[in-house]
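Please read the following dialogue with the structure at hand.

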Amino acid sequence: MKVLRDKKAIALFLSPALLVYSVLVMIPIALTFYYSVLDWDGLGEKRWIGLGNFAKLMRDAVFVRALSNNLVYILIVMLMQLGIGFLIALLLTYLKKGRGFIQTVYYIPSVITVIAVAQLFTSFYSYEPIGLFNIFRKLFGLAPIAFLSEYRTVLPAVASVEGWQYIGIYMLIFYSALVSVSPDIIEAARIDGASETQLLFKVRIPSITNVILLSGILSLVGALRGFAAPMNMTKGGPNHRSEILATYMYKKAFTSRDYGYGSALAVVIVILSIVAVLLISRYMEREEI
Amino acid sequence: MFSRRMRCIGGLVLTSAVLLTGCSGGGKAASTEEAGSSSEKAEREIHYFSSRSSSDDTLLSLQEVTDSYNKEGGKIKLIIDSNADRSSYDQKLRTMIAGQQMPDMFDLDASPYAVELGNQGMLTDMDQFLDEIGEKDSYIPLALNYGRTSDGKLYTLPLEFSTEMIWYNTEIFSDAGISEAPKTLDELLADCKILKEKGYTPFGIGGGDGWPLLRLLATYPFRLSGNDFLNRLASGEAKMEEEPGVKASEFMAEIGQYFQPGFSTTDVATGLNLFLSGKVAMYPTGTWELNYFTDEKRPEKLKLGYFYMPSCEGAVTKPNEYWAFGGIGLAVNPKSFDKEYKDYLSYIVKNYSKVYFSHQHMTPQKVETGDSSKFDPLFVKVMEDASKIGETAARPWDVVLKEDVVSVINDNLPGLCMGEETPEDFRKAVDEALENNR
Amino acid sequence: MRYYLIKRTKRVLYWSLMAAFLLIQAYPILWLLLAAFRPNIELLSAPFALPRSLTLENFVTIFTKSHILTYIKNSAIISFFSLSFIVLFSSMAAFAIAKMKFQGNRALYRYFLIGLTIPYSVTLIPLFTMFAKIGLIDTRISVILPLLAFQLPVSIMLFVNFYRFIPDEIIEAAVIDGCGIFGIYGRIMIPLSLNTILTVLAMNFITVWNDYTFSLVFINSAELKTISIGLQDFIGPRGLKDWGATYAAIALSILPTLLIYFSLNSRMTAGMTLGAVKS
């Protein structure tokens with residue numbers, strides 16, 4: 001159709017978003033690439049050191065730890081958001097009354113500022129004065145744990161906070177998708193004698209695969225951007241046991257004032273992000289057909 | 001038909017753009033009325049970016065002094081923006097300065113960052129300024145010199161004067177059969193051991209905020225070498241592997257077992273409360289928390305005492321030399337430091353401490369104490385101690401060492417205290433950081 | 001009989017699961033709301049014991065020591081403008097990408113998607129330098145612009161995803177009726193995508209309302225601070241924090257969002273399918 005090829009219209013529709021996005025996201029990213037080959041403390045001379053920052057990165061044990069922590073972090077966040085979110089959504093579909101109320105209760109955490117949630121959970125995890133989790137441990141006869149200080153508990157503890165906070169959104173998404181599956185199909189399957197489990201795996205889940213994948217992307221994006229919870233609860237500690245790339249980058253750039261090195265870390269994050277996006281867009285293109 | 005709608009949308013964009021700029025402008029105008037004096041004359045705005053909370057007595061005092069300056073004919077509007085979260089403050093200040101937006105007035109430690117700023121001519125020399133107005137002698141030397149950078153320059157004016165001590169619960173101590181406060185670090189450890197055997201948590205600490213742990217780490221080095229070891233660390237001449245560093249790391253590994261579990265994320269408010277509610281036997285803090293320990297404020301049943309930094313064998317610093325400092329100081333942007341600003345700042349120097357003292361705080365300048373009966377006895381006692389303080393005061397590591405080194409220490413210290421990391425590994429990590437930050 | 005037993009066990013299981021999840025999600029919030037009314041000292045010594053006394057002291061503190069209402073107002077203004085522009089710009093761009101025919105269509109979409117996962121902190125220094133040069137520091141625009149820019153990718157993705165489900169026949173029919181390109185966008189696509197718009201609003205509102213990074217770096221004046229930054233008003237010297245006041249401020253700050261949520265609840269649920277369910 002000719003209308004859809006109107007160049008002026010295309011330009012008009014695209015330019016506001018393109019302009020804002022290019023100037024405020026892409027140009028700064030390009031500048032970050034530029035800073036990453038510099039030795040610069042944000043004040044003095046900018047000194048060109050080529051790939052020096054990246055060579056340093058390869059030898060940096062903390063970077064490797066942050067990278068592997070980050071993967072664990074993403075995994076935990078996604079598992080909680082998608083797994084629990086789906087389970088609750090599924091349970092909700094069997095509920096006859098009070099759905100609205102329950103949905104709201106689930107949604108509330110996501111509108112609270114992360115800073116607040118981080119503080120909230122710091123007291124929940126606390127050892128002294130005794131926090132909620134340790135009260136439970138005591139009830140079950142277990143010794144209390146200083147969750148945010150122990151090397152082996154700190155990363156899951158911090159990741160669960162971000163996981164927990166946004167469960168509600170995914171629950172809402174899954175629930176909406178599940179109830180919009182055409183009742184006729186379900187009825188038909190029921191008449192054919194399908195059990196509830198079969199119904200779930202053969203009818204309901206297949207008809208919402210799109211939503212599941214898209215939620216997966218959203219959750220991945222959120223987890224990759226994760227920052228505020230670890231930063232506000234543990235600052236990546238103790239001894240980098242809850243360090244993820246974003247916190248490490250932030251600390252290098254702003255606390256240690258090594259903008260060059262911080263930017264090199266940022267470049268790694270950007271490259272990882274682009275890889276993730278390539279995977280995403282491959283999925284999108286498959287969908288188009 | 002439709003293009004009209006598009007125009008509408010375009011209009012929305014435009015109007016909101018206007019509205020937004022209008023909004024922010026309006027906001028500022030409003031702030032002007034609030035913060036300044038009531039005079040209609042053109043006022044000089046001075047933007048002060050502060051690391052203290054907006055209800056802090058230092059800021060209230062500054063505002064009071066500004067008001068009286070304006071009453072005497074001055075035309076200064078002091079606009080205070082504050083960010084009390086220290087790491088946010090530091091980040092923000094650095095971003096502002098990197099983006100060439102240095103505030104007219106801001107808080108700054110005598111850190112390596114200050115040295116760099118000073119070398120670039122971006123800070124006002126306060127030695128020169130104080131000599132010029134003849135006010136240098138009004139300051140307590142320890143408070144003023146706290147603001148000296150490693151190269152001996154003075155770029156900041158102190159706004160407070162504080163000392164740090166370790167508070168202890170006398171009832172817990174006597175229950176454990178400890179009759180007096182520890183005088184040496186070995187005694188401190190021995191007391192901790194006894195307390196722990198008695199089932200008490202010997203030491204409460206707000207490790208989540210970083211600095212309390214650093215103070216303990218710095219204790220041995222200060223006792224064994226004054227600030228010499230620290231200064232040599234900063235200049236790259238010394239290593240943690242030397243005696244003071246070895247002692248310091250081993251001390252931390254040992255005392256760490258007496259901290260409350262989970263100390264590495266305990267914030268200072270929680271730490272303080274552990275002590276106030278009698279859950280821990282000792283708690284280190286400074287005079288800025290004095291208000292919580294006074295007769296009037298502390299829980300009635302709590303009996304307490306305090307002691308200053310314990311000493312050790314082979315100490316070169318005297319028992320009356322410990323943590324004492326002027327706090328984060330006031331720095332001035334030389335680009336805006338003209339005659340009018342200078343006049344205002346000298347008025348502050350001449351009047352600030354009087355006002356700050358009336359809020360019951362120790363001051364960086366000598367003040368007439370007058371009738372001390374209106375103050376809390378504890379405050380009077382601490383003030384008396386401070387008047388007998390020695391010549392050297394311990395300098396905090398987080399001010400002297402480069403930020404990157406400090407952050408490596410902060411990252412590794414909790415592990416060392418928990419026994420997850422050996423003193424050797426700790427020293428190695430710090431030495432590596434020192435090497436990287438030459 | 002046996003069937004009945006199984007059914008009952010199932011029901012018990014169902015309700016206990018439901019209750020457990022509800023507790024996990026609701027308890028922290030209830031605790032938070034209650035904490036706003038508890039004295040600071042109690043929060044520090046026995047935060048999870050049953051409250052011994054309740055007080056309004058925290059609210060007195062937040063109204064006297066900080067400009068909490070101003071912060072909430074600022075967050076609201078920033079959210080309103082960011083969200084309006086996010087919806088407008090992303091639906092326009094998504095319409096062009098999904099429905100219009102031009103070269104480099106796909107590449108452009110990918111270009112937008114790159115921004116999906118970029119962490120904010122990566123761009124802070126360049127943005128600050130940029131804003132400082134054109135004098136945008138310490139204005140609301142300096143927070144709205146980056147929020148808008150960073151939320152465009154996800155919003156465009158959601159819109160594109162939905163628009164692709166709208167059959168081309170509808171557009172063809174409209175063209176035959178004499179509808180221009182703007183008519184197609186404004187009179188067909190927008191009304192059809194109302195639910196998607198709500199979804200985009202709901203998802204972005206969370207990010208925008210809770211923004212910490214940009215407000216922290218670009219806003220200086222107390223008059224322009226947002227709620228996330230305002231919470232720092234209750235930190236005293238050397239990190240000494242007034243927890244009661246902090247919780248009171250948080251409690252107050254979630255009220256407006258709850259109101260909005262309650263009024264939009266049912267419609268939002270309808271839109272949350274991300275436009276991606278084949279029905």
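**Domains of chain B**

Q: Which domains does the assignment give for chain B?
A: Domain bounds come from an automatic or database domain assignment. For chain B, the assignment gives domain 1 (41-161 + 326-368) and domain 2 (164-324 + 391-436). This is a predicted model, in which local features need pLDDT of at least 70 and side-chain atom pairs count only at pLDDT 80 or more, while totals for chains, interfaces and linings use all residues. Residues are numbered from 1 along each chain as its sequence is written, and chains are lettered from A and ligands numbered from 1 in the order in which they are written.

Q: How many residues does each domain of chain B bring to the contact?
A: Two residues are in contact if their C-beta atoms, placed from the backbone, lie within 7 Å. Domain 1 of chain B and domain 2 of chain B contribute nine residues each. The centres of these two domains, taken over C-alpha atoms, are 29 Å apart.

**The contact between chains**

Q: How many residues of chain A are in contact with chain B?
A: The size of an interface is often given as the accessible area lost when the parts come together. Here the contact is given in residues: 23 of chain A meet 26 of chain B. On the side of chain A that touches chain B, helix α13 (residues 245-255) of chain A supplies the largest share, three residues.

**Overall form of chain B**

Q: How many helices and strands does chain B have?
A: Helices (H or I, at least four residues) and strands (E, at least two) are DSSP runs, numbered from the N terminus. Chain B has 17 helices and ten strands. Its C-alpha trace spans about 85 × 65 × 45 Å along the principal axes.

Q: What percentage of chain B is buried?
A: A residue is buried if 20 or more other C-beta atoms lie within 10 Å of its own, exposed if 12 or fewer, and partly exposed in between, with C-beta atoms placed from the backbone. In chain B, 51% of the 438 residues are buried.

**Helix α9 of chain B**

Q: Where does α9(B) bend?
A: The bend at a residue is the angle between axes fitted to the seven residues ending there and the seven starting there. α9(B) bends by about 35° at Ala218(B), and a proline, Pro221(B), follows within four residues. After α9(B) comes Gly226(B), with a positive phi near 65°.

Q: Why is α9(B) described as largely enclosed?
A: Of its 15 residues, 14 are buried, so α9(B) is largely enclosed by the rest of the structure.
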